[in-house]
Amino acid sequence: MTTATHPIETQVGASSQADANLTTTQRVAQATKRVAEFLHVSDQKRVEAAITEIMVEEMLRNPGFALRVKGRYDELAPQKKPRSAQTREPKKVKITPLDLTPIRHIEGREIDITKPIDPYFLFEVYGAAQLPKALGYQTLPNLREALEIVQERHPGTKPKGRLTKETAIAYIVAYVTGAAN
Amino acid sequence: MAIAIETALQKRFEDIFKAPKLEDILALEPPEFERFVGYVFTCAGYTVELVSSERFPDGPGVDLDLYTSESAKRPIARIEARRYKPDRKLRFSDVARFLGVLQLAGGIPGYLVTTSDFADPATIAAEMETAHGKARLVNGKDLMRYITYIGGSRAPDASGLKRTPVPVSPDWLLSGSHSLQNMERSNAYVLTVANNKGGVAKTTTALNLGLALAERGKRVLLVDMDGQASLTASLPLPEVGTMPSRTAPPPERKHFITEYFAGQVSDLGPLVQLTRFSNLWVLPANGDMHRMDTGGGARPEAEAAFVRAIHSPSLMVPSIAATTQALNTAPVSFDWIILDTSPAQTFFTRLALGASDGVLMPINVEAFVALGLSHAFDTIRTMQALSGGAKVIGYTITRWKSTAYTRGVIKNLQFQLDAEGVPLLVTAIPYDSKIDEALSTTMAGGLRGLFGFNRSAAAASYRDLLDEMLKKVGHA
């Protein structure tokens, strides 16, 4: 069974796929043009006024018609086009935990993050086995400061070869753990 | 009359106070241990006399007499100190002998203090009707708690010795009526947001964790423990019967938590008030708290009372309270109580920490961040000793901005907090201008909190932080 369609709905139907991308003003112009063509009249301004006045009369006596107009009005609400920035997930930050397990806790120690890292403190907290990894988190300038702390206790000693992260860590580990003695 | 202790020994005792360990106490010789116990009670505000060699020279009897002041004529308690290894428990006969000595020495009550523990029959002996109130048993665990509590509750006196301002007996720790493990309590999880550094987003964190819980349908009470009252200001009273207005000033609050501290009310319940957000209530603060603050000294009676007040089963959702009364049904408590603290180590910060099940520390990575952080841990340990609570859930980085400096020092901070045994919560709260925008909106009476900003990185992060925290505390 097919549903009968009024010719004007086929010709004037404002919700066709082709109209989907038109602006509201363009849709008004297009709908008026179609009614004018259907009625074989040419003055589109007069057509627009006639449509509006008939619509008002019809709406006042026909609630179903009024609902159709309201439904179409809602459909024509401006669709916010998602911009790329709006779909982007908020930027979250996760701090990477240290891949180290403290072997003991030292309570009551003054905490100061502005001082150079003390390799003897790292040794105490993480033990000999984890000391190289703990030192590996440091930059070369930080390791250089840590190295000076070791050299204060072991004057006249220094890393072998050119100072790199690896040679600095090897030197610090050897003297802090006592392996070099 | 006061106990005289050589400088070197006093330094050793102070080292024990700094980080109390049983092994360090066991390393003391028995006469040194007697003096150490005397030193602990001296720091606890008593005048202590060493009497073992003069008045009780023949073996176990009484080592120390306690007086409330230098001018007091009669001791208020006598102490026998036994430095035993943990496996050597004190027996019935030890307690019976001590009770006998107390009786012979004038019937003054006493403390039998040991580094080990008491066998069950010994405990029974101390609880017998004739001994009731006369002999209190302090085992190694309680001694450590007492040292920790006293150590974190004292200030230098005129002689330079650090003491509590008034005598603090170990009875507060022994009674257990305010112990979170033993007391009758509501189902609420009590979280304290604390750090003695200002500007680390304590209030923002307390507020947004509260809002995040509330949007998940949890009933949340936010407690403002800071005289600055920023949390209170961010949660104005709702205007009944009208839409929130940004132009009209919000209605003024008339009741504050200060009424509880002033003793005008004995329960916190009547002071709980509505906010404009669903599932979110507030116990508001005002500037009077600054004037009521007594600082970081010990006030165990008030501290224990606050522990009981916050956990009281009668502290319930106000609107439901009236309904349950009318319908005679079971009261509905809060699911979460979140306490926001001030930057200083005030009396109110002590209260908040003592009453908390867990502590969350927001930390802002900047040069001054760590200054005094160790004092915050001292206060946490002190209040842990009082109530057995204040478990540090962890620290979270707030107002995070990735710069060469912050990336450089963050590992150093992690090392130092690893050493303290404080876990990292990996979710950081990034710097986000929406936080201030949301706060100014809610302060003016608007309803658009941080979670009203869909694209806010801080909002998304606070939700993640809540998830991470919930996993750690195991409380839904």
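Predicted model: local features only at pLDDT ≥ 70, side-chain atom pairs only at ≥ 80, totals over all residues.
View 1. Strand S4 (residues 110–114) of chain B pairs with S5(B) in the parallel sense over four bridges; strands here are DSSP runs of type E with at least two residues, helices are runs of type H or I with at least four residues, and both are numbered from the N terminus. Two strands are taken to pair if DSSP finds at least two bridges between them. Residues are numbered from 1 along each chain as its sequence is written, and chains are lettered from A and ligands numbered from 1 in the order in which they are written.

**View 2. The open sheet of chain B.** Five strands of chain B, in the order S1-S2-S3-S4-S5, form an open sheet with mixed pairing. Strand S1 (47–50) and strand S5 (135–138) of chain B stand at the edges with a single partner strand each, so one side of each is left without a neighbour in the sheet.

**View 3. The largest nonpolar core.** A nonpolar core is a set of buried Ala, Val, Leu, Ile, Met, Phe, Trp, Tyr and Cys residues joined through C-beta atoms within 7 Å, where buried means that 20 or more other C-beta atoms lie within 10 Å of the residue's own, with C-beta atoms placed from the backbone. The largest such core has 143 residues, of which B:Val40, B:Leu222, B:Ile337 and B:Ile338 touch the most other members. Helix H18 (residues 457–473) of chain B gives the most to this core, with eight residues.

**View 4. The contact between chain A and chain B.** With contact defined by C-beta atoms, placed from the backbone, that lie within 7 Å, 34 residues from chain B and 25 residues from chain A take part. On the side of chain B that touches chain A, helix H15 (373–387), helix H16 (404–420), strand S15 (427–428) and H18 each supply at least two residues, and H16(B) gives the most, with twelve residues.

**View 5. Strand pairing between the two chains.** Strand S1 (residues 93–94) of chain A is joined by two bridges to S15(B), and the two strands run antiparallel. Within this pairing, A:Lys94 has B:Thr427 of S15(B) as its bridge partner.

Terms used: Buried ≥ 20, exposed ≤ 12 C-beta atoms within 10 Å, placed from the backbone. Contact = placed C-beta atoms within 7 Å.
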